[in-house]
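Trainee: Could we go through this model together? I'd like to start with the helices.

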Amino acid sequence: MNPIGWLTFLCCSTIVSCIDQPQNIFILAGQSNMAGRGGLINGAWDQQVPAECQPSPKILRLNGKLAWEVAHDPLHVDIDYKVAGIGPGMSFANTMLAKDPTIGVIGLVPCAVGGTKIEEWAKGMKLYNDMIDRTKAALKDGGALRALLWYQGESDTKFLQDTEAYKANFEKFITDVRADLQMPTLPVVQVIIMSGDGKFVEEMRENQRAIKVENLKQVDSKGLELKTDNVHLSTAGEIKLGQMLADAFLQF
């Protein structure tokens with residue numbers, strides 16, 4: 001190996017060895033507002049990272065190759081097939097560290113994919129299988145799975161039958177996730193949508209509020225700042241949402 005190659009190897013080995021295993025692991029799943037569209041301008045991320053989303057050695061993410069690395073936005077850069085920007089994940093983790101400095105290293109497992117419907121997250125589907133596989137990979141060397149953070153439903157507002165079926169589909173989804181991860185009481189923090197791809201947003205909000213699942217906290221996104229497309233949260237909206245998710249989790 002040439003000298004440059006050795007230097008690269010040693011640097012990479014040092015970086016990996018300096019990363020602690022996360023003690024507290026969180027799944028981030030759903031669609032585009034969980035993956036993050038904050039800071040996207042004409043389909044490209046503006047590279048602006050606000051103070052609330054700054055990286056920390058105490059915040060890791062499981063990358064697309066199933067390896068832990070220091071987390072940084074966009075968290076879903078190698079997970080979502082569309083262009084990702086600022087999401088709620090880094091704001092969530094930084095808020096958790098600020099409110100509970102003893103929590104230790106936080107591990108984020110990005111799984112969200114934009115434009116997806118709840119039926120695409122059903123047991124046996126690719127998104128579901130990928131999420132379960134990624135979560136098991138995150139847990140293989142230790143750490144505790146603390147919660148599933150879920151923000152999805154906008155794509156199920158186009159047709160009334162999808163909106164009306166959402167409650168049962170989501171409840172089944174949570175039952176399956178808990179069974180496959182062997183965590184029957186896994187905490188879930190769900191975001192109630194405020195926008196959507198169709199006209200049945202209010203009906204969806206009602207159906208989401210009616211969901212009956214043990215160990216479930218709900219966060220209402222209504223009132224958060226949207227981008228000009230009136231569907232996706234702005235960077236400011238994503239930051240606020242991350243703080244709300246942390247507050248909700250800390251209520252468990």
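Predicted model: local features only at pLDDT ≥ 70, side-chain atom pairs only at ≥ 80, totals over all residues.

Trainee: Which residues of helix α7 are buried?

Mentor: Helices (H or I, at least four residues) and strands (E, at least two) are DSSP runs, numbered from the N terminus. Helix α7 covers residues 235-249. Its buried residues are Gly-237, Glu-238, Ile-239, Leu-241, Gly-242, Leu-245, Ala-246, Ala-248 and Phe-249.

Trainee: What do the buried residues of α7 pack against?

Mentor: Contact means heavy atoms within 4.5 Å. The partners are β1 (24-30), α2 (32-35), α3 (89-99), β7, β8 (188-192) and β9 (216-220).

Trainee: Is Leu-149 buried or exposed?

Mentor: Leu-149 sits in strand β7 (residues 144-151). Leaving aside neighbours within four places in sequence, Leu-149 touches Ile-27, Leu-28, Ala-29, Met-34, Phe-92 and Val-189. Its relative accessibility is 0%, so Leu-149 counts as buried.

Trainee: Are α5 and α6 roughly parallel or roughly antiparallel?

Mentor: Axes are lines fitted to C-alpha atoms, for helices over the stretch in contact, and angles run from 0 to 180 degrees between N-to-C directions. The axes of α5 (residues 160-180) and α6 (residues 201-209) come within 8 Å and cross at roughly 15 degrees. Angles under 35 degrees count as roughly parallel, over 145 as roughly antiparallel, 65 to 115 as roughly perpendicular and the rest as oblique. So α5 and α6 are roughly parallel.

Key:
Residues numbered from 1 in each chain as written. Heavy atoms only, no water. Buried < 20%, exposed > 50% of the residue type's maximum accessible area, 1.4 Å probe, protein only. Expected span 1.5 Å × (residues − 1).
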